[in-house]
Amino acid sequence: MSTPRIPRITLAALALGAAVAIVGCTQVLPERVVVMTESGEVLAGGDAPGAPPVELPLDEMAAAGKVTFEEKCAVCHTIGQGPLVGPDLAGATETRDPDWLVEWIMDPEAFAAEDADAAEIYTGAMVSQDLEPPQIAQVVAYLDSTADVEVSTAAPDGPRQLSPAEFDEASNVYFNRCAGCHGTLRVGATGPNIEPERTREIGTTGLQTILTNGLPGGMPAWGEAGILTAEEIELMANFVQLEPPTPPSLNLAEITESWNLIVPVADRPTEPQTARDWENYTGIILRDAGQVAIMDSDAHEKVAIIDTGFAVHILRSSATGRYFIAVGRDGRVTMIDLWTEIPEIVAQVQGCFDARSVDGSKFEGFEDQYIIEGCYWPPQYVVFDGQTLEPLVVHDVLSKDINGDDLDEVRVAAIVASHFDPVWVMGLKESGYVAIVDYSQPDFPMVKKIAADLFLHDGGWDHTGRYFITAANAQNKLMVVDVKTQELVAGIETGEVPHPGRGANWVDPEFGWVYGTTHIGEGKLTLIGADPVGSPEHAWKVVREVELPGTGSLFLKTHPNSQWVWMDTPLSNVVEESHQACVYSKEKMELETCFPVADHGRVVHFEYDRAGDEVWVSVWDPEGEIVIYDDATLVEKLRIAGPWLITPTGKFNVYNTANDIY
Ligand code: DHE
């Protein structure tokens, strides 16, 4: 049995929360020390020059470290059972200096920026667990105590054969739960590559652990959350090690077969049949019910519940606002007429097997003439008649990426409709291009592809509607495209995995017009200057960063008449934070408040009424709620609940959506 290299251990820190060092027998304490109790609690330190360190028995440190390891690290690492997502860490102090391990565990990304060894192994998969310095010391002590553990050399357990029925079932689960982040062909985008070559390295047991417990970088804990059963997890752990099925194509003839014109144009009203202010309706997505609720935002009354079909993702308003256009995760597009007394579906069609984006033609003279759907699968966009949804054309978007690499999958991400030109602008996720489609030309061609960055996701207009600003997830950047000149004007690093939704535009007292985004990977609101005419010196640069309590933000929203910017953190792994909303003051240029909106569910996405004086927030839960706040006072006005409010997510006010007010 070998002797542990660190016989007794003391934690010394230059400043709490800053650099820490594990002091072994060969190392010398710095002057400023942190003194810990035997249980690891920090008693004194930092500014106590010459204070004597309290030396702690290694086995007690290691025992505490084992508890932290199992809670925070075991999801990716084993001790002796072989590699999982990360390497087996038995006896890690044999190969890495303890101080090196401390730095690495504390902040892998920052450490990789300054240490060559760390840079060599840093892939982004290892993330800080926000451990306190004493906890890190304990974990390293624990690793040091495992030097004698025998490391398994057995190959990871491979997949079992699946019956055709099991394979079909797994394909369905994959499509519903996994494809959005990992891609239909599993090459990754928002989530990592999980092709068989990679998943077989992890093995069935490791994959089951990941699927059950999730991973810190945003992989949901499907098992722990009760969304997938143990049997489904076992099935999926095997399925993802097998070659993915070849997804089918969908051509114009097949799309046309799915087209259902329910109410021909001639049978529709020529003027609104309702006394309600339909331009102030708000459409609420009831995600898991496959429905859209149409609310009268003046009366706060439910006007209709529309069965749109599987997992609606977004709603957009046609240019006049008369039609809501819904796109489902299954690629179905639904057109809802708001002029009838009770809103109703007038047409439906399926242009893709998997989709997230849709928009109408908004340029003068083309209002409500055409609709575009962007597909996640197949790699294509489809243009429909804007009154009937008759399919007009399908165009392939598969190409090499901006670096010249071949691709098998290119997903159409965000689409926006210009108010100044007859064009749609869309992000092509895997290829990293922003494409421009001209609907004034016959056949609706893609007239320009502008190299931006990988992987393009969501985005929206700047305050003028000239610049399209979209997140390049993998690069932690916002990309800015000038749609007038059809050129890329900037790529700006804003933080870890920016997720602006459509973003938010307002005037900052110091920097003029700004565009804001929050982030999935870190708790931060970032403002970029967005006024190349009035404040050219700040344009397309980060001008302000505001710390938020909680990571996992998806959306922020403001309105020209509001003094606030509202932000959510639904994907935070701290449950209380997933219930909160945060509000930033435009005038004070600081975070005003964060407060719980509900005691359950994930609080997600905001929408204003047309006047901009109230804000609607969703509590995304089977027992969902819509909470309405008075925007001026931030006081709750109304809480809508009921068995019909199943998993409310996005909300879209007709006037605001038609006019791109955000
Ligand atoms: Fe979304 C917008 C893709 C997960 C709710 N989502 C978008 C857009 C894209 C996208 C490309 C921009 C559309 C546009 O503007 O044309 N979303 C994806 C995904 O690939 C991802 C990460 C995984 C998936 O499998 O879908 C994903 N999205 C989610 C969710 O989990 C949310 C919260 C609930 C859901 O429906 O699954 C969600 N996404 C939304 C909403 C918008 C959106 C509400 C529109 C925001 C807006 O204000 O415009």
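Let me start with one term: a residue counts as buried when its relative accessible area is under 20%. Keep that cut-off in mind. This is a predicted model.

Take Arg-322 as a test case. Its relative accessible area is 10%, so Arg-322 is buried. Where is Arg-322 in the fold? The residue sits in the loop between strand E10 and strand E11, and E11 covers 323–328. Now look across the sequence. Arg-322 and Ala-658 are 336 residues apart along the chain. In space, their C-alpha atoms are 9.2 Å apart.

Next, the ligand. How many residues surround the ligand? The count is 22. The closest are His-313, Arg-356, Tyr-376, Arg-502 and His-605. What kinds of residue make up this shell? Ten are nonpolar, seven are polar and five are charged.

Several elements each give at least two residues to the shell.

Now the iron. Which residue is the only protein donor of the ligand's iron atom? The donor is His-313, through NE2, at 2.1 Å. His-313 belongs to strand E10. A polar side-chain atom of His-313 also lies 2.9 Å from a nitrogen atom of the ligand.

The side chain of Arg-287 has an N or O atom 2.8 Å from an oxygen atom of the ligand. For Arg-502, an N or O atom of the side chain is 2.7 Å from a ligand oxygen.

On to the backbone. Most residues other than glycine have a negative phi, and most peptide bonds are trans. Here are some exceptions.

Start with Ala-311. Its phi is near 40°, which is positive, and the residue is not glycine. Ala-311 lies in the loop between strand E9 (301–307) and E10. Is Ala-311 buried or exposed? With a relative accessible area of 5%, Ala-311 is buried.

Asp-368 is another case. Its phi is near 60°, again a positive value in a residue other than glycine. You will find Asp-368 in the loop between E14 and E15. The relative accessible area of Asp-368 is 7%, so this residue is buried.

Now the cis peptide bonds. One runs from Trp-377 to Pro-378, with omega near -10°. Pro-378 sits in the loop between strand E15 (370–377) and strand E16 (380–385). Another runs from Leu-454 to Phe-455, with omega near -20°. Phe-455 is in the loop between strand E21 (446–451) and strand E22 (456–461).

Let me turn to helix H1, residues 58–73. H1 has 16 residues. A straight helix of that length would span 22 Å, at 1.5 Å a residue. Between its end C-alpha atoms, H1 spans only 20 Å.

Which residues of H1 are buried? They are Leu-58, Met-61, Ala-62, Gly-65, Thr-68, Phe-69 and Cys-73. Viewed down the axis of H1, these buried residues fall within an arc of 125°, so they line one face of the helix. What is on the other side of H1? There, Asp-59, Val-67 and Glu-71 are exposed.

A few more pairs that are apart in sequence. Asp-609 is in the loop between strand E34 (602–608) and strand E35 (614–620). At a relative accessible area of 6%, Asp-609 is buried. Asp-609 and Glu-279 are 330 residues apart in sequence. Their C-alpha atoms are 9.8 Å apart in space.

Tyr-467 is in strand E23, residues 467–472. Tyr-467 is buried too, with a relative accessible area of 9%. Go 15 residues along the chain and you have the pair Tyr-467 and Asp-482. Their C-alpha atoms are separated by 4.6 Å.

Last, Asp-117, in helix H5 (residues 116–121). How accessible is Asp-117? Its relative accessible area is 40%, so Asp-117 is partly exposed. Asp-117 and Arg-96 are 21 residues apart in sequence, and their C-alpha atoms are 9.9 Å apart in space.

Terms used. Residues numbered from 1 in each chain as written. Predicted model: local features only at pLDDT ≥ 70, side-chain atom pairs only at ≥ 80, totals over all residues. Heavy atoms only, no water. Near = heavy atom within 4 Å. Polar contact = N/O pair within 3.5 Å; in protein donor to acceptor, adjacent residues only side chain to side chain. Helix = DSSP H or I, 4+ residues; strand = E, 2+ residues; numbered from the N terminus. Nonpolar A, V, L, I, M, F, W, Y, C, P; charged D, E, K, R; others polar. Expected span 1.5 Å × (residues − 1). Buried < 20%, exposed > 50% of the residue type's maximum accessible area, 1.4 Å probe, protein only. Arc of directions from axis to C-beta. Donors = N, O, S within 2.8 Å, 3.2 Å for Na, K, Ca; no water.
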